[in-house]
Amino acid sequence: MTGSAEILGLLDTLQAIAWQAARVIKGHYKQSPEIRYKGPSDPVTRADLEANTLICEQLQRAFPGVPIVAEESAAETYAGRTDAARVFFVDPLDGTREFIAENDEFVVMIGVVDDGRASAGAIVAPAFDRVWVGAVGLGSFELTSGTTRTKLQPGRAATLSESIVVASRSHLGARAEHALGRFGARRVDRVGSAGLKGVRVASGEADVYVASPPAGSLWDACAIDAIVTAAGGRFSDLDGNALDYRATDLTNLRGLVASNGTVHDAVIEQWQRLQM
């Protein structure tokens, strides 16, 4: 991406499509959804599927020929994505467990990868009517009152002892629970949806988001990666490496960490020490 007008146009398109999907999801919310399971503890609902279809159709119309890696799409639909200059990563309903539990903590996420790195993203929280967007080189914003853009800025905690950490409400295992309990953070908050945890870091409401491995798939990370990075924070796996969106395996096998940037290295060092 080059010119700011082009980038703003891309963000406008992403958030408009995400809003359309959010309206579909709200139409199913608190309606006793039919639930099936793709695997153990991996539910999917009609809202997931309909939002996935809508987003893919709209992206294909707006950006013909660009591969779309979407959670509820068959793998053959994005064959060749590893060689593409641009790829979309879509989580049509991030936080399906929260959607089913009716606790409001779920989002729609659309991320953009350019040349193997997350470059832009949009996240919409249907139950809260909130939207966040960001593009590396431009910044990250919460959009309010239609066109008002409030710039996001990560928090200023300089040490882990000053930091607020956000962690999963639904996916935290016993080992990760123990590690976070010894993390030394000022506070650990439980939040549903990776997207909501990510925007808390980007906006300064939290300083660190940690997801223990395996931490979902690349569609769970891309939009967050772009928005946190664009805001001035850092995003990596728990070894400190940038995510490889051209990897054959879509799973985030090394976990995820998003931070305000200042405490990022300390988070990784402490996490690795606690795993020994």
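# Exercises on an open sheet

Strand β4 is mostly covered, since nine of its nine residues are buried, where buried means under 20% relative accessible area with a 1.4 Å probe and protein chains only. The model is predicted, so that local features need pLDDT of at least 70 and side-chain atom pairs count only at pLDDT 80 or more, while totals for chains, interfaces and linings use all residues. Residues are numbered from 1 along each chain as its sequence is written, and side-chain values use heavy atoms, with hydrogens and water left out.

**Exercise 1.** Work out the order of the strands in the sheet and find its edges.

*Solution.* Begin with the terms: strands are DSSP runs of E with at least two residues, helices are runs of H or I with at least four, and both are numbered from the N terminus; two strands pair if DSSP finds at least two bridges between them. Seven strands then form an open sheet with mixed pairing, in the order β3-β4-β5-β6-β7-β8-β9. The edge strands, each pairing on one side only, are β3 (68–70) and β9 (148–151).

**Exercise 2.** Describe how β4 is joined to the strands on its two sides.

*Solution.* Take β3 to begin with: three bridges join β3 to β4, and these strands run parallel, with A70 standing opposite V90 in β4. Turn next to β5, which pairs with β4 in the antiparallel sense over seven bridges; here F89 stands opposite G111 in β5.

**Exercise 3.** Is F88 buried or exposed, and which residues does F88 contact?

*Solution.* F88 has its place in strand β4, and F88 counts as buried because its relative accessible area is 0%. Contact means heavy atoms within 4.5 Å. Leaving aside neighbours within four places in sequence, F88 is in contact with residues including L14, L59, F63, I110 and V112. As for V112, this residue is 24 residues from F88 in sequence, yet the C-alpha to C-alpha distance between the two is 4.7 Å.

Key: Buried < 20%, exposed > 50% of the residue type's maximum accessible area, 1.4 Å probe, protein only.
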